[in-house]
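User: Hi! I am new to protein structures and would like to learn how to read one. Could you walk me through a few features?

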Amino acid sequence: MVDDHGNNKVIDEGKQGEALVLDDHSEGSKKLYVESYGCAMNFSDSEVVASIMAKEGYSTTRNSEEADVILINTCSIRDNAEMRVRKRLTEFRKQKKAQPKLVVGVLGCMAERLKQSLLEEEKLVDLVAGPDAYRELPGMIDEVNGGQKAVNVLLSREETYGDISPIRLDEGGISGFVSITRGCDNMCSFCVVPFTRGRERSRDPHTIVQECTDIFNRGYREVTLLGQNVDSYRWNMSSKGVIKDETQSTTDFAELMEMVAQIHPDLRIRFSTSHPKDLTDKVLEVMAKYDNICPYIHLPVQSGHSDVLQRMNRGYSREWYLDRIAAIRRILPNCGISTDIIVGFCGETEEEHQATLSLQNEVQFDFAYMYKYSERPKTLAERKFEDDVTEELKSRRLDEIIANQLRHSLANNLRQIGEVHKVLIEGVSKKSEDDLMGRDERNTKVVFPKGTAKKGDYVWVKIKECTSATLIGEQVEEPAKLVVS
Ligand code: 5AD
Ligand code: SF4
């Protein structure tokens with residue numbers, strides 16, 4: 001299975017699976033190599049970093065061997081994500097021994113979490129910059145070149161990089177990420193994000209619309225609006241458009257999405273991630289109103305038992321979650337739904353685990369990202385509860401929910417056979433040069449034989465067969481719209 005952006009292998013490693021390396025871009029005198037781990041937000045941040053560095057004469061390279069500066073944008077969400085980065089840093093330290101002028105820096109969540117210790121105790125890197133410190137990178141690199149170590153992990157209540165137009169490194173790209181909020185105020189008890197990315201703040205809607213328009217004009221046909229909790233997006237502004245003030249007009253997520261949807265009917269809109277406690281009917285109604293807002297919602301449930309949800313501090317019960325699913329089915333009958341599930345959270349009993357399986361059966365998710373609980377330092381759960389479900393039990397429970405999910409994914413895909421889906425072509429299929437690959441509106445991967453259509457085109461595909469992860473079909477004419485007289 002592949003994540004919603006087609007990047008990483010899923011199941012236990014989830015969205016934090018593989019590294020993404022920024023592509024070669026333009027001829028600058030100095031070379032920057034950026035490797036990103038973790039969520040789409042990190043990847044999007046790396047493009048902001050590339051933009052900041054480009055102003056200083058750096059061009060990006062895919063080859064770390066020729067770099068003057070290596071930056072690793074890191075993830076702390078689970079312990080195994082951090083272990084992978086540490087291994088990479090050890091490799092770069094070896095490269096630095098042979099190339100003493102090389103600057104190696106850590107960005108993102110591990111930078112924020114581990115701060116000085118990466119520089120001092122572990123001596124792994126020269127530079128540590130937290131998620132809100134990227135504007136300072138050029139100066140920090142100068143400090144390192146002057147023989148100092150550089151660290152800036154200050155978190156901000158204001159920084160959204162709203163005015164920075166990220167450099168899109170995948171020339172000829174089709175699908176881009178645009179961040180709309182940063183940070184998170186939710187404090188789910190298992191989650192390290194509020195500690196590493198700070199308080200939630202929303203970005204000026206006009207800069208968001210500007211960025212989406214810009215990438216559409218450059219040939220992109222899909223944007224994913226990104227935030228830790230997109231439903232809590234809220235921008236207040238005075239008549240001057242700069243001062244945030246509760247009494248002045250506000251823009252909420254539904255209104256923002258409507259502004260983006262109006263850019264062009266050929267620009268598809270997706271978003272990630274929704275929070276079940278905040279997903280409103282207003283958002284669902286805007287989705288129903290615009291053909292170019294994809295009927296697909298990623299709605300992490302985490303557990304199917306209300307007591308576990310309470311220990312997780314999620315702010316909703318099983319019943320509330322099922323009510324939100326019912327609202328989606330009512331307002332958007334053809335909506336794709338995916339989720340995140342954590343097994344083996346502190347104190348999880350067999351009965352609580354069974355409740356997750358039964359919720360899966362009730363909802364019949366199209367996809368799920370499934371993880372074993374991994375205790376993170378400083379979180380509420382680490383301070384309040386014991387990580388008392390054994391590794392063996394976590395593995396068994398994970399296997400059970402994965403098997404259940406594969407059944408549901410296959411059953412949902414089988415139901416699509418005979419249907420005609422609108423597909424945005426992303427490129428040639430990885431498995432066969434003779435096939436193209438794209439996604440339908442519900443975010444399912446669709447593969448079909450090459451015709452005259454090309455990357456970036458919308459085509460109609462009649463589904464003939466499927467696996468649990470992919471629909472397979474052939475291109476057909478656009479179906480005639482039903483005209484009701
Ligand atoms: N252990 C396991 N999974 C976690 N997630 C977040 N924190 C943890 C943790 N400590 C999962 C949640 C979240 C997804 C991005 O990562 O399911 O929705
Ligand atoms: Fe973490 Fe919860 Fe915020 Fe998501 S909503 S980033 S799980 S604290």
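Analyst: Happy to! Let us begin with pairing: two strands pair if DSSP finds at least two bridges between them. Helices (H or I, at least four residues) and strands (E, at least two) are DSSP runs, numbered from the N terminus. Here, strand 8 (residues 175–179) and strand 11 (residues 222–226) run parallel, joined by five bridges. This is a predicted model: local features need pLDDT of at least 70, side-chain atom pairs count only at pLDDT 80 or more, and totals for chains, interfaces and linings use all residues. Residues are numbered from 1 along each chain as its sequence is written, chains are lettered from A and ligands numbered from 1 in the order in which they are written, and side-chain values use heavy atoms, leaving out hydrogens and water.

User: Which residue stands opposite T224 in strand 11?

Analyst: That is F177. Strand 11 also runs parallel to strand 14 (residues 268–272), with five bridges between them, and there L225 has F271 as its bridge partner.

User: Why is strand 11 largely enclosed by the rest of the structure?

Analyst: Buried means under 20% relative accessible area, with a 1.4 Å probe and protein chains only. Strand 11 is largely enclosed because five of its five residues are buried. In a regular strand, side chains alternate between the two faces of the sheet. In strand 11, E222, T224 and L226 lie on one side and V223 and L225 on the other, and all are buried.

User: How many bridges join strand 4 to strand 5?

Analyst: Six bridges join strand 4 (residues 69–74) to strand 5, and the two run parallel. N73 is opposite L107 of strand 5. From strand 4 the chain passes through helix 2 (residues 79–98) to strand 5 in a right-handed β-α-β crossover. Right-handed here means that, with the strands pointing away from the viewer, the path from the first strand over the helix to the second runs clockwise.

User: What does strand 6 pair with?

Analyst: Strand 6 (residues 127–129) pairs with strand 5 in the parallel sense over three bridges, and G105 stands opposite L127.

Key
Buried means under 20% relative accessible area, exposed over 50%, partly exposed in between (1.4 Å probe, protein chains only).
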